[in-house]
Amino acid sequence: MEQKWELKLYIAGKTLKSETALYNLKKYCREHLEGRYSIEVIDLLKKPQLAEGDQIFAVPTLVRKVPVPIRKIIGDLSNEEKVLVGLNIVPVKK
């Protein structure tokens, strides 16, 4: 059975940076984790108490909950190679 990826993206409102991060994350997941991922977007303007649980100090921050170990990437996720390496995703050959 293939590994399911649980990803959380912490943002603070609908900023250009948070929208870019979400767009990039969805694109990478479609390309490299097709059918094997879930993305939860958490807006810290609406639920600031959730920042403490994953120790979020900057936004946008992407947290990979599963597979363990937990990994975090801060920023708009525009550097695909850095994101894939940071999340330990093996790129799909095109």
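## Helix α3 and its setting in the predicted model

In helix α3, which covers residues 80-87, the residues Val83, Leu84 and Leu87 are buried. Viewed down the axis of α3, the buried residues fall within an arc of 95 degrees, so they line one face of the helix. On the face of α3 turned away from the buried side are the exposed residues Glu81, Lys82 and Val85. The structure described here is a predicted model.

At the start of α3, a side-chain oxygen of asparagine 79 comes to within 3.3 Å of the backbone nitrogen of glutamate 81. After α3 comes asparagine 88, which has a positive phi near 65 degrees.

### The whole chain

The C-alpha trace spans about 40 × 25 × 20 Å along its principal axes. Of the 94 residues, 36% count as buried. Among contacts with a separation of 6 or more, 65% come from residues 24 or more positions apart. The protein exposes about 6000 Å², of which carbon and sulfur atoms supply 56%.

An unreviewed UniProt entry lists residues 8-89 as "domain: KaiB". Over these residues the chain is 35% helix and 26% strand, with the end C-alpha atoms 16 Å apart.

Most residues other than glycine have a negative phi, and most peptide bonds are trans. The exceptions described here are tabulated below.

| Site | Feature | Value |
|---|---|---|
| Valine 59 to proline 60 | cis peptide bond | omega about -5 degrees |
| Valine 68 to proline 69 | cis peptide bond | omega near 5 degrees |
| Glutamine 55 | positive phi | phi near 50 degrees |
| Asparagine 88 | positive phi | phi about 65 degrees |

Proline 60 is located in the loop between α2 (50-53) and β3, and glutamine 55 also lies in the loop between α2 and β3. Proline 69 belongs to the loop between β3 and β4. Glutamine 55 has 52% relative accessibility and therefore counts as exposed. Asparagine 88, in the segment after α3, is partly exposed, with a relative accessible area of 48%.

Definitions and conventions. Residues are numbered from 1 along each chain as its sequence is written. This is a predicted model: local features need pLDDT of at least 70, side-chain atom pairs count only at pLDDT 80 or more; totals for chains, interfaces and linings use all residues. Side-chain values use heavy atoms; hydrogens and water are left out. Buried means under 20% relative accessible area, exposed over 50%, partly exposed in between (1.4 Å probe, protein chains only). Helices (H or I, at least four residues) and strands (E, at least two) are DSSP runs, numbered from the N terminus. The arc is that of the directions from the helix axis to the C-beta atoms. A polar contact is a pair of N or O atoms within 3.5 Å; within protein, one must be able to donate a hydrogen and the other to accept it, and residues adjacent in sequence count only if both atoms are side-chain atoms. Contact means heavy atoms within 4.5 Å. Accessible areas come from the Shrake-Rupley method with a 1.4 Å probe; for residues, only the protein chains shown count as cover. UniProt positions are given in the numbering used here, feature names are shortened, and annotations may be inferred rather than shown by experiment.
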